[in-house]
Amino acid sequence: MNQVQNFTKGFIKENPVFILLLGLCPTLGVTTSAINGLGMGLATTFVLVMSNIVVSLVRDFIPDKVRIPSFIVVIASFVTIVELTMQAYTPGLFDALGLFIPLIVVNCLVLGRAEAFASKNNLWSSFVDGAGMGLGFAFALALLGAVRELLGSGAIFGISLLKGDLMLVFVLAPGAFIALGYLVAILNKFKKA
Amino acid sequence: MASKRESSFINMVVTLFIVAAVAALALGGVYTVTKEPIALAKKKKLEAAIKKVLPSFDNIEAVNVASADGGDSLQFYFASKEGQAAGVAIKSYTMMGFSGLIEIMVGFNEDGTISNTAVLTTKETPGLGDKLDKKKSDWPDQFVGKHPGTYNLLVTKDGGEVDAITAATISSRAFCDAVQRAYDTYEKQKGDK
């Protein structure tokens with residue numbers, strides 16, 4: 001597999017949200033608006049890339065039996081770094097994402113890539129894999145957020161587009177499931193075609 | 001692929017120790033760097049809220065006052081302008097929200113009328129309960145200029161004078177509760193003086 005494929009697989013072919021259905025807890029929770037989805041996606045991307053790099057670098061040094069705890073410590077450290085940095089420099093976004101930032105630690109996507117890819121591949125491939133998967137995740141969250149924001153509050157990235165009575169349900173929790181279901185269905189249709 | 005280190009007891013202990021130590025060092029570093037910006041961002045947010053609820057001031061004095069109903073104490077921010085008292089901003093809260101805790105800032109003029117209100121933290125439903133916030137709707141305007149001593153701080157459904165937000169009576173009720181708590185404590189504190 002060349003590096004281009006390695007990078008692009010995260011967007012459509014192995015998209016973490018639409019195809020692998022990984023990390024759905026933050027996906028459903030934070031995507032009430034496009035900007036929240038994008039912010040969460042980029043925070044996760046950072047953690048994913050950094051943890052993939054570190055895991056790939058230390059993969060021969062870590063004995064097999066303690067690899068999971070070691071990976072978790074690495075991931076948790078990067079999550080805490082992201083959390084503190086966001087709290088300091090983007091307090092508005094931090095308030096909106098709130099609880100979900102620390103929960104990146106338990107996002108199975110991050111540990112999944114560390115275990116399934118970075119611990120078996122070299123530094124460069126792991127970096128590309130992390131970036132591709134992370135941006136694919138960010139793309140999916142931003143798309144889901146945009147759809148929900150448009151249908152629920154008539155705006156995209158806070159820019160008002162529609163007026164009048166809207167389908168408020170899309171901003172609420174059930175709307176997340178409905179919107180995600182339709183997006184997965186549409187993507188599957190394209191994938192087969 | 002290079003051979004992994006053996007999972008012997010000593011290897012595992014040493015590895016975990018090193019991983020944890022490096023993580024701790026990194027986190028300590030980031031914490032030190034971001035400590036000040038975080039404190040600054042929090043202070044800015046608070047000052048912005050006070051500024052929103054009080055017309056004009058040049059000095060703020062913060063005091064904790066025990067709540068009138070025996071609950072958690074409320075923060076009072078006595079404002080003054082050129083040595084003259086210019087009202088007080090009270091950070092109040094309620095647990096009656098649709099999703100629990102709501103924290104608001106209520107500004108009182110010297111004569112006890114409400115100057116303005118601002119929402120600090122809320123987990124109320126987006127599109128419904130979050131209309132408590134001036135940023136989302138004009139609903140809180142109805143409190144401006146009212147004196148809680150003569151103005152019945154209950155939603156119309158409960159026999160009061162506050163028009164509840166459509167489909168968000170619980171949130172509106174909670175908001176009234178928080179304002180009432182601020183006022184009661186304000187009166188009590190005046191009496192104690």
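In chain A, helix H7 is followed by A:Gly154, a residue whose phi is positive, near 70°. This is a predicted model, in which local features need pLDDT of at least 70 and side-chain atom pairs count only at pLDDT 80 or more, while totals for chains, interfaces and linings use all residues; side-chain values use heavy atoms, with hydrogens and water left out. Residues are numbered from 1 along each chain as its sequence is written, and chains are lettered from A and ligands numbered from 1 in the order in which they are written.

Helix H7 itself covers residues 123–153 of chain A, 31 residues in total. From its first C-alpha to its last it reaches 43 Å, close to the 45 Å expected at 1.5 Å a residue (1.5 Å times one less than the number of residues). Helices (H or I, at least four residues) and strands (E, at least two) are DSSP runs, numbered from the N terminus.

Chain B holds an open sheet of five strands, in the order S1-S2-S3-S4-S5 and with antiparallel pairing; two strands pair if DSSP finds at least two bridges between them. At the edges are S1 (59–65) and S5 (114–121) of chain B, each of which pairs on one side only.

The sheet can be followed from S1 of chain B. Seven bridges pair this strand with S2 (residues 74–81) of chain B in the antiparallel sense, and B:Val65 has B:Leu74 in S2 as its bridge partner. S2 of chain B is in turn joined by six bridges to S3 (residues 84–97) of chain B, again antiparallel. Here B:Phe78 stands opposite B:Val88 in S3. S2 and S3 of chain B form a hairpin with two residues between the strands, where B:Glu82 takes a positive phi near 50°. B:Gly107 has B:Asn116 in S5 as its bridge partner.

Residues from both chains line the second largest pocket: of 13 lining residues, A:Val54, A:Val74, B:Val19, B:Val22 and B:Ala23 lie nearest its centre. At least two lining residues each come from H3 (34–58) and H4 (67–89) of chain A and from H1 (9–53) of chain B. On a 1 Å grid over the protein atoms alone, a pocket is an open set of points where a 1.4 Å probe fits, with protein on both sides within 12 Å along at least five of seven lines; lining residues have an atom within 4 Å of a point.
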